[in-house]
Amino acid sequence: MSDHSTRGPAGIRSGVRRLFRIPMHTPERVTADANDELSAMLDERVEHLIARGMPPAQARAEALRRLGAPLGDAREMIQSSASAREREIRLRRSIEDLAQDVRYAVRTLGRDRAFTASAIAIIAFGIGASATVFSVADALLLRPLPFRDPGALVWMANGTHGGLSGQTAQVNHLVQLHEQDRAFADVAGYFAFYGIGDASLVRNGDAIRLSAVPVTQNFFSMLGVKPELGHSFTPAESATDPTNVVMLSHSVWQNEFASDPEIVGRSITVNNAPLTVVGVLPASFDFGSIFAPGTRIDLFVPFPLTESNDMQGNTLALIGRLGPGATIASAAAELAVLAPRITAAHPDRNAFTPSLSTLRSHVVGQIHPAIVMLAFAVGTVMLIVCANLSNLLLVRATGRRKEMAIRAALGAGRRRLVRQMLTESVMLSAAGAAIGLVLAVIGTATIARLQTVNLPLLGDVRVDAASFAFVVLLATLAGLLFGMAPALQLSELAVHDALKSQGRGSTEHKRGRRMRTALVVSEVALACVLLVGSGLLIRSFLEMLDVDLGFRAEQVMAIRIDPDRQVLGSQSRFNSYVSEALRLTRALPGVQAATIADGLPFGKNRTWGVAAQGEVYPGGHHPVAYVRLATDGMVDAMGMRLVSGRDIAATDDSAGERVVVINQTMARTLWPGQEAVGKIALIDTARRVVGVVRDVRHLSLDQAAGPQFYLPFRQIQDYPIVELIVRSTLPASSLARSIRTALAPIAPNIALNEVQTLDQIVDRSVSPRRFFTLLLGGFAAFALALALYGVYGVISYTVAYQRQEIGVRMALGATPSIVRRRVLRDTLELAIVGVVLGAIASWIVARLLRSQLFGVGAGDPATFIAMVLIVMGVALLSGYLPARRASRIDPTAALGAG
Amino acid sequence: MALLKGTLDVLVLKTLSWGPMHGFEITSWLEQRSDGQFDVTDAALLQALHRLEARGLLGAEWGESKNGRRARYYKLTTAGRAHLRAESAALMDYVHALTTVLAARSAHE
């Protein structure tokens, strides 16, 4: 250390001339000192010159000349160099102090490896979890959608009720909007009833199933997405029907076309028709992650705004871009006037009743509460981490009192000691954060790869600059937070000890113990909250898995067998295709049942208006029901339950009577209190009800089915999708291969990459819930482990501290089991206080969680009882080791050591 | 004569290697030792002192001058002493080389 830093009291007389460190001055003081120094210089010289015989006036003039600058200028120069000096010294000194603190911290932490390692591990987990959740929230809620000026984008749902038909609009609505609305700079749409795996791409003789979405010509320009290669659809390319151009997603271009830079202008074969590639979309544009979470969209084709497309009914999902100055409110106000006129233009068609929301809230609105819940959970975990570390540091602090007292005696002030301690805690936290960041990178990469989880924008989850800044901030705050209490306490004791040089005082001990007990109690309480939260979510998840689906998903697989266009073009050709496919499939060994349908549960759905014959509906408000097309074998293949009547039969074809199978809700809606079988329903035409089935959950697991009906596939020419559904005990992949071989004569291009089992489909529909439940459960487990560790620490310390007292008790006749029971009682007291506080907090928090719960109340007694049992059990477990240690204390040794 | 750039710092450090001094003592000492050859203005000297102190090469304290005046005394720090050693050696090498070159006799001289 440099010699000028040794300190001494101020005001030392000349002659002694001991140099000491100048205390830091106020700017005024520094300026005044600089002036003094300058005048001293002048005066000394004047005196010197006079002593050599110069007349005073001349001496003064000479001294000013030797200054080298006019007095005013010189004064300013000296003042500024003096204040520059103060600044630099201050900076250097704080860097020196910091370096010293860091060196010291590294030494002391290095000495106590076990403590350091466990502390860093705890922080690393806490920060890793926090950063991962932050990155998820960042991608889903904070970062703007990857479009130009995404704040101006508006989701325009046609109506507010469920089902895609209830959200979509007709072509004529969009055309009229283009002509008449003022609020929107542009409105575009995509065909919402595109099928996943609808497009069969033939390459090198092998077919693969891709997903194509028809979009309006202005779709990409409205979003502000610029193609990476080529151009977006031109009006000419979008006008002809059928169209013959296609745009590729970045990933399909990369994976199927080896990133061919010459792809634009080439022709590819999709569904046996040649399409010209006009553009490739950038990697940043992922249609699926925004509009259809959990799916991958590969191709885009134009959707012409033609009359024939208009006649398909509600098909378009509309997205608008607000014009300059327009707001959602002003646009809604305009549409409130415009929409009835648009409807009135085609009074016989579905109404246009737009409801607006921001595109962001449409995309992430539903999961917003779940993310907020995760954020709170991870915040709680972080609090427990801090409490735990505070506790560890407090325990450690008691062992460091002598060291601190020595430093205090050597002249380190209280502030300096606090800073030293905080440097240690922030360094611990920084080391933990470094590892935590690695964990977060792994965590986010894992989440981003969860393609089967049905959540939007998940692929964008990564540790970016924002997450990094978050980690730095969090680590610093956490380090200060958990270091503050121990630092203050220890430095106070150190200064105290330095004065009184006495060992541990019992008052200080009591205070330290109280603080630590309080920390452990809050750890236990917070862990309770997480346990209850995750317990309720787990219960909801189990309830949801327990839901009566109305069908049996096990051992059912589905494979797309869409025939060629020419087959689809004729009912009779299609009917023989269906019959032949079913016959060949049923002939395969291991196949128990098979049917052909136009979709699977939890997939796309559409609604039609229905009516009971002879019934008059006021205002023409027909009941609305979900449509499904199927063939014979439906009930057996899907494992549905027939309530009355019969399943669709093979003979329900174009020659037979027009029939329909309906679900119980539809039967109740159309014919309340009556037997529905035999009644006539007006659907596309008058149809006789031949069967009633139990409701099937087809929207989602937590949503009731609503009215639904099943039309015989062979009686209606309206089938964008042809799905072969097979019930069999064989594994899905081998079954798919044998089906492909068996159907080769009639359907040579069956792709194997789109085989799904119903189990997978059900699984995917619960995937968001599972995702959140697993994360929260993990947090709760971690919190519980930390609380256990905290309780263990406090009880162990108490036992160690009371060694003598326990020794005395044992000498006086207390048996080991009495001692053990006493320690366990202490532990239980701690746990009970924590659990009571935790239960109260959980009671409140559970109420906020209500929107996330399913089939279980916020005050679910089973969850609360389980929580209490788990926490008490864990507390007893963590008290057991110290209790055993206490009971083995040797009285003579304990007393002798004292 | 005017000082070459950078040499004032070394001269000040050298002066203070004789012991703590205040500003006027330093300039007087320099004047004496150089037979009045070095022309250092007082303002420049004080600024140099502040600069050296800021770099940690000097320490300072207020004391009383022989004439009973409050004066700021400067003293070399350990770092200052090391700096002086290194810089004066470099400077002397430089001067030696300079002298050698300038003193060499050219062919036609």
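The buried residues of helix α19 of chain A, in this predicted model, are A:N575, A:Y577, A:V578, A:A581, A:L582 and A:T585; a residue counts as buried if 20 or more other C-beta atoms, placed from the backbone, lie within 10 Å of its own, as exposed if 12 or fewer do, and as partly exposed in between. These residues lie on the same side of α19(A), because they cover an arc of only 160° around the axis, the arc being that of the directions from the helix axis to the C-beta atoms. On the other side of α19(A), A:S572 and A:R583 are exposed. An α-helix has 3.6 residues a turn, so residues three or four places apart point the same way.

Helix α19 of chain A comprises 16 residues (571–586) and reaches 22 Å from its first C-alpha to its last, close to the 22 Å expected at 1.5 Å a residue. The expected span is 1.5 Å times one less than the number of residues.

The contact between the chains draws 32 residues from chain A and 30 residues from chain B, two residues being in contact if their C-beta atoms lie within 7 Å. On the side of chain A that touches chain B, α1 (27–51), α2 (56–67) and α3 (71–111) each supply at least two residues, and α3(A) gives the most, with 10 residues.

The model scores ipTM 0.89 and pTM 0.73. Residues are numbered from 1 along each chain as its sequence is written, and chains are lettered from A in the order in which they are written. Local features need pLDDT of at least 70, and side-chain atom pairs count only at pLDDT 80 or more, whereas totals for chains, interfaces and linings use all residues.

Technical notes. Helices (H or I, at least four residues) and strands (E, at least two) are DSSP runs, numbered from the N terminus.
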